[in-house]
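Dear colleague,

Please find below the structure that I am handing over to you, with its sequence.

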Amino acid sequence: MQLVLIGMNHKSAPLDIRERLQLSCGEGAHQPLPELMHLAEIREALYLSTCNRVEVLARVADGEGAIEGLKAFIYRQGNLSVAELDRCLYIYRDLEAVRHLFRVTSSLDSMIMGEPQILGQMKEAYRMAVDNRTTGILLNRLSHHAFRAAKRVRTETGIAGNAVSVSYAAVELAKKIFGDLKGKTILLIGAGEMSELAARHLIRQGVGSIHIANRTYARAEEMAAEFQGVPVAFDKFPELLPEVDIVIASTGAPGYIMNAEMVRSAFGRRRRRPLFLIDIAVPRDIDPAAGDIENVYLYNIDHLQDVVDANREVRRAEAMKAEEIIAEEVAVFEKWYNALDVVPTIVSLRGKMEGIVKGELERSSPWMKNLSEEERNRIEILVGSIVNKILHDPMTGLKEESGDKDALPFVAVIRRLFNL
Amino acid sequence: MMGIVLFKTALAVYLACAVVYGASLWVRRVLTARFATWLMLAALVIHTLSFTSRWITAGVSPVIGIHDALSFFAWVMAAVYLALQLKTKTRVLGAFISPVICLIMVVASVELGGVVGAPAALQGSLVTLHVMLSVTGEALFAVASCAGLMYLIQDNMIKQKKAGSLIRLFPSLRDLDRINHLCLSWGFPLLTLGILAGSLWARIVWGSHWQWDSKQVWTLLAWISYGFLLHQRLVIGWQGRRAALWSLVIFSLLVVLLIFGKVLLPSIHQFV
């Protein structure tokens, strides 16, 4: 194969080097594709740059020559010394490159495994390449195959399914309890960083209203202004309990600020509507006994961390399945690619023609019965030599192209023309 | 004949559906459950055809007689579940409902091909209406208790902080509670109308509206229990765990009583 992938990611390169190479992570950065195509050996190219990786995928005429060219290109882009860069770069060839591309697109190579952005970034990179007309037969096929592999990994494994951060785990649990969070009422007790983060997640899910209670009222007002919430005096928060659906407590109080009695007394007016209490304070804010009340669900920071840990474990197990899917897809791609070689193409072209000749002769056998043995042989020879004459030029062309290193487009056209 | 073949095919597809639903819980994939839902739809279509064919060949409504009434019960459960699928994506609820359907279908198949309807006293369009309404009401209660069971399992998992990958498959507690609510608030009026229709017919054939027959007492018990539960839901505001638990308990009790009653007590209200 004539495929080369060269790049660096969050594992291979420290942030400051990646930063210098981040050519298009920011908007409006210059597009390196035209420049890439000017390199002597490059036939097709795809350029991917995200906050965690920079990669160039190329179909090249001559592997080693092209790698030198690509490296030089990267040195220039990053303004980096050779020694610095060589430590950070990885280079994959042929099927290894295919495998790496499939893994990246399926988010197996991501910093947070299973994160959904990378597929979109990959599609964007491909779109840029198409717009710049830098993709051809191989990279088009390869890119679409990568998207398909990513989709399979997504639907057939649970790699993207479980929350792997504490605040997201809390949102997922809330969804398990309330269905969706639209119109739900939230009470934040304590206006710290953690509750702010959780609040942001909840707002993204479309919660209805947010009440913020804090010991320092000014801070509550400040945060309320930011989230379009309602500030509440700290000692008034129990009065809100009959109304709210989710409580996030994160104060620095030394003891419990909410006991089971408070929750229970709110329940008459709540009509037993479910209540989700999230206690992310250390030491804890909410008496654990509150979690024993019917339709009340209490999670503290350790419980949420356990959920996250379990989910990480699930993702790791799912990643194994994903690797198997990737291996299958690489094999499928390899089969397609090998068929693009000159020799199998000649074989299948000849096979197809012989099949046609045989079929047609058979179809004509009823009337050919009346001919003599010799006449029939002559017809067969005649038909055979017509086919050979027709095939002569394409076959010679194919063999000549196989001497050249860039037979791929030619082979692809032949295969397409003859529907092989 | 055709009806029996179709019935058996429907039963086989329901069984396959229950197996695939079970598998979806095992492998924890929504994809598998989705496939099972399509199987359930296929089974329902075949089942409907079997009713139609029975109606045409027998010439009478196909819900009278123990076989047909049970078969109709299963049919309503499947139809209600699939209708719920359209509104809320509660796929794995099928893993709880399909085994119940299979069980009922198996019991129904014992009397397969029996005479349609039996005593003259139990024939007439009012009887058909009575059976259809009551059976639909009770099938809705069955769906409510399946949703209730699922609610209890999930409620327990969340409370015990065992929110593993199984829980991800489950519909939200809110959806399950809504199904419980929906089934109760439709099932109860249907059962009430069913009892009224039956009582009108009883007046015609037996001379009075009410005979204190064992089956009638059982129905009254069901009516009172579900009336109580619906009252608690609507007026007192029961929801979530308590409503789920009670609908499950009431349904199980009624099933046990029904079986005991059938074995121990004579009844003029028997099908065959």
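**The sheet of chain A**

Strand 5 (residues 185–189) and strand 8 (residues 246–249) of chain A run parallel and are joined by four bridges. Strands here are DSSP runs of E of at least two residues and helices are runs of H or I of at least four, both numbered from the N terminus; two strands pair if DSSP finds at least two bridges between them. Please note that this is a predicted model, in which local features need pLDDT of at least 70 and side-chain atom pairs count only at pLDDT 80 or more, while totals for chains, interfaces and linings use all residues. Residues are numbered from 1 along each chain as its sequence is written, and chains are lettered from A and ligands numbered from 1 in the order in which they are written.

Leu187(A) stands opposite Val247(A), which belongs to strand 8 of chain A. The open sheet in chain A consists of six strands with parallel pairing, in the order 7-6-5-8-9-10. Strand 7 (230–233) and strand 10 (296–300) of chain A are its edges, each pairing on one side only. From one strand to the next, the twist averages 20°. Helix 10 (residues 217–227) of chain A lies across strand 6 (209–214) and strand 7 of chain A, and runs at about 160° to strand 6. Such angles run from 0 to 180 degrees between N-to-C directions, with axes fitted to C-alpha atoms, for helices over the stretch in contact.

**Chain B and its side towards chain A**

Chain B has nine helices and zero strands. Of its 272 residues, 46% count as buried, that is, with 20 or more other C-beta atoms within 10 Å of their own, the C-beta atoms being placed from the backbone.

In chain B, 19 residues are in contact with 21 residues of chain A, a contact being a pair of C-beta atoms within 7 Å. Helix 5, helix 6 (165–169), helix 7 (173–206) and helix 9 (241–264) of chain B each supply at least two residues of this side.

**The nonpolar cores**

A nonpolar core is a set of buried Ala, Val, Leu, Ile, Met, Phe, Trp, Tyr and Cys residues joined through C-beta atoms within 7 Å. The largest has 128 residues, and Ala74(B) and Leu188(A) are among those that touch the most other members. Helix 5 (residues 125–159) of chain B gives the largest share of this core, 17 residues. A second, separate core of 54 residues includes Leu3(A) and Val153(A).

Yours sincerely

Methods: A residue is buried if 20 or more other C-beta atoms lie within 10 Å of its own, exposed if 12 or fewer, and partly exposed in between; C-beta atoms are placed from the backbone. Two residues are in contact if their C-beta atoms, placed from the backbone, lie within 7 Å.
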